[in-house]
Amino acid sequence: MIVNINEDYQVKVDNYANYTLLKTIRDDSGVIKTGKDNFPMFATKGYYSNMSRALNACIHLMLEDKYDVMELTQYLDELERLEAKLRPVMKRFREGD
């Protein structure tokens, strides 16, 4: 099963409760690359034991995508903003863990 997080990230859930965080591959112009089958190409960003951990890793990767350099306070503010956006979803997964 595939769970889409946003346009760039998704989590692939295997039958044995393995959660693989995937990110779309884009070319230099920002267009999503496609394979021979015309489906988007993905890079594996990590393997996690549950969805909550995969989402937490995704939040940090989203920040890395958006900023090359950040002040600590800016990083913490952006981290809080993204966590707040995903907090209801993450809470539901923690309850099921």
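What percentage of the 97 residues of the protein count as buried? In this predicted model, the share is 28%. The paragraphs below move from the overall architecture to a single residue.

The secondary structure of the protein consists of two helices and four strands.

Of the contacts between residues at least 6 apart in sequence, 38% join residues at least 24 apart.

The surface may be considered next. The protein exposes about 7000 Å², and carbon and sulfur atoms supply 51% of this area. As for charge, the protein carries 14 positive side chains and 16 negative ones. The centres of these two sets lie 5 Å apart.

T20 belongs to strand β3, which covers residues 19–24. Is T20 buried or exposed? T20 has a relative accessible area of 6%, and it is therefore buried, since the term applies under 20%.

The surroundings of T20 can be listed as well. Leaving aside residues up to four places away in sequence, T20 touches Q10, V11, K12, D14, T44, G46 and Y47. The reader may locate these residues in the structure and follow their placement around T20 in strand β3.

Definitions and conventions. Residues are numbered from 1 along each chain as its sequence is written. This is a predicted model: local features need pLDDT of at least 70, side-chain atom pairs count only at pLDDT 80 or more; totals for chains, interfaces and linings use all residues. Side-chain values use heavy atoms; hydrogens and water are left out. Buried means under 20% relative accessible area, exposed over 50%, partly exposed in between (1.4 Å probe, protein chains only). Contact means heavy atoms within 4.5 Å. Accessible areas come from the Shrake-Rupley method with a 1.4 Å probe; for residues, only the protein chains shown count as cover. Lys and Arg count as positive and Asp and Glu as negative; His and the chain ends are not counted. The place of a charge is taken as NZ of Lys, CZ of Arg, CG of Asp or CD of Glu.
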